[in-house]
Amino acid sequence: MSDKASAIPVGTQFTPQLVDLSNFLRSLLRNSGDKTQIQAAIWQQPTNLRKQPRLPTSERQRNLPLEAAIQYGLLDAEYRATELCESLAAKSGQQLYDQFARHILLTLGGLRVVEGIQQMQADGHKVTADSLAAYLTDQGFRIAVHNTAINSMRLWLARAGLFPESRARAWEIDQDRKSYLVGLEDDTIATLAGLTPDQRAFVAALCRVDPQGAYPASEIRDLAESIIGHRLNRGNLPKNFLEPLRLAGLIQYQARGTSSGKTSTLTTTDMFRKEILADFLENTLKTLDTALTAYYVKPIAEIYSELSSDNPNVKGAALEAYAIHVMRLLGLRFVAWRKRAREETGQAEIDVVMSGLVGGIATRWQIQCKNKPSGRVSLEDVAKEVGLTPLTKATYVMVLANCRVTQSARDYAREIMRNSSLTIMLLDRDNFDMIRVSPASIASIIHAKSRLVESIDRHGFSWHS
């Protein structure tokens, strides 16, 4: 992510209530490269929609719409009109607002903002500009609280019909308009977000070729190798590359089989739009948390099934989805993933930090999910998690594993809790299976673990004295 103060553009003095976009764009084009002339033009009618507009006396105030124009991609750093500005200026009416909204969604972090709203609403959280900014910032997608940026972006998207104009229903998303503006349905977005880097390179190659009619899939693969810079898996082209794209609705294919010596062929569908997909792969995916994006449209039964997959990438993505499933059961909010080298875990472990109110008290959870049915949770595993808490600032550590927990690990956790304020909960295979059969059982499991914690003399103090 960028080091700039906010992951989305500033929007001060740049909203559809203050600025006529069509005239604003023409002002930028007419005065391209001349900052003083642009300032004068955009603070006057018909560009400025105030009843009695006037140029502010403060240089800072005069610059605000220009700063927004630069961050929205309409001007470059030298105040020259961009290609985007020229393209938008050629549009009018609803076409103009739709194209601008599509740019915001795909290029400027707008889709991440919209997904944040959907996730908060799915989890029962109230959405306001400030609560949404805090929610996304907690996840590492920084947006300043008490700032106009997120509301300005919402207003431009509302002008394209994504949100209602009504303030009372300001955060209601029109799903049909979202799909139209992004150019992709939610399940397709989730599938693309869940693709591996090699599979994304295959889609990028497909966008470059943009085949008309049946096309040899092996040639797309060869081009993808030049894009990603290494040799792709050649074991099963249909299974590894073609089937995921068919499930996303982007292609149909005919597998020829290895015995025939002929390559599989593919044809793109009506949903395949290279401009949208290229933008999505190049820009939009960088702004999304792909695990969150993929999870919110994935059935839980599918997650459990994929935990047993032979494909380590599928298994790793399923484990991330499982961690989010646990988060939602606990009523927590996602904060961040702990990124680790794939070689270190074999994609059989995932660490995540979550936060939320438990019993009305603010808590921060460091959760490790382990997908090692034949493995075990050792003392060393728990010690490693405890050692990370100064960095994660966790008040609770949970290890949830589909394997056994050794007695030494339990004894170590008990000793740590005896001598610190940290709470550690170790959930083993039996707990894992209980949650799978009855997700609501996590409440009784956590309650039982809490009772065990209460029985410990902490710092020489007995809870029952």
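Predicted model: local features only at pLDDT ≥ 70, side-chain atom pairs only at ≥ 80, totals over all residues.
Figure 1. Residues three or four places apart in an α-helix point the same way, because the helix has 3.6 residues a turn.

**Figure 2. Glu 349 and Lys 372 form a salt bridge that links distant parts of the chain.** Glu 349 belongs to strand β5 (residues 349-358), while Lys 372 sits in the loop between β6 (361-370) and β7 (376-377). The two residues are 23 residues apart, yet their closest N and O atoms are 3.0 Å apart. Which of the two is buried and which is partly exposed? Glu 349 is buried, with a relative accessible area of 12%, whereas Lys 372 is partly exposed at 30%.

**Figure 3. Lys 370 of strand β6 meets Asp 381 of helix α19.** This is a salt bridge too, with the closest N and O atoms 3.8 Å apart. Lys 370 lies in β6 and Asp 381 in α19 (residues 379-392), so the pair ties together parts that are 11 residues apart in sequence. Both partners are buried: Lys 370 has a relative accessibility of 1%, and Asp 381 has a relative accessible area of 18%. Elsewhere, salt bridges that share partners bring Arg 221, Asp 222, Glu 225 and Arg 234 together in one network. The count for the model comes to 21 salt bridges.

**Figure 4. Helix α1 is largely enclosed by the rest of the structure.** Seven of the 10 residues of α1 (residues 21-30) are buried, which is why the helix is described this way. The buried residues are Leu 21, Ser 22, Asn 23, Phe 24, Leu 25, Ser 27 and Leu 28. What do they pack against? Their neighbours are the helices α2 (35-42), α3 (59-71), α4 (83-89), α5 and α8 (149-159).

**Figure 5. Helices α1 and α5 cross at roughly 75°.** Their axes come within 10 Å. On the α1 side, the contact is made by Leu 21, Ser 22 and Leu 25; α5 contributes Leu 96, Tyr 97 and Phe 100.

**Figure 6. The largest nonpolar core holds 87 residues.** Phe 14, Tyr 72, Leu 74 and Val 113 touch the most other members. Helix α5 (residues 93-107) supplies the largest share of this core, seven residues. A look at Tyr 72 gives a sense of the surroundings: leaving aside neighbours within four places in sequence, its contacts include Pro 9, Val 10, Phe 14, Leu 84, Phe 100, His 103 and Ile 104. Leu 108, Ser 152, Met 153 and Trp 156 are also among them. A second, separate core has 33 residues, including Ala 318, Met 425, Ile 435 and Ile 445.

**Figure 7. Strand β10 is buried along its five residues.** Five of the five residues of β10 (residues 423-427) are buried, so the strand is largely enclosed by the rest of the structure. Thr 423, Met 425 and Leu 427 point one way, and Ile 424 and Leu 426 point the other way. Strand β8 (residues 396-401) pairs with β10 in the parallel sense over five bridges. In this pairing, Leu 400 stands opposite Leu 427.

**Figure 8. Three strands form an open antiparallel sheet in the order β1-β3-β2.** Which strands lie at the edges? They are β1 (215-216) and β2 (251-254), each pairing on one side only. Strands β2 and β3 (residues 265-268) are joined over four bridges in the antiparallel sense, and Ile 251 has Thr 268 in β3 as its bridge partner.

How values were computed. Residues numbered from 1 in each chain as written. Heavy atoms only, no water. Buried < 20%, exposed > 50% of the residue type's maximum accessible area, 1.4 Å probe, protein only. Pairing = 2+ DSSP bridges. Core = buried A, V, L, I, M, F, W, Y, C linked by side-chain atoms within 4.5 Å. Contact = heavy atoms within 4.5 Å. Salt bridge = Lys/Arg side-chain N within 4 Å of Asp/Glu carboxyl O. Axes fitted to C-alpha atoms, helices over the stretch in contact; angles between N-to-C directions.
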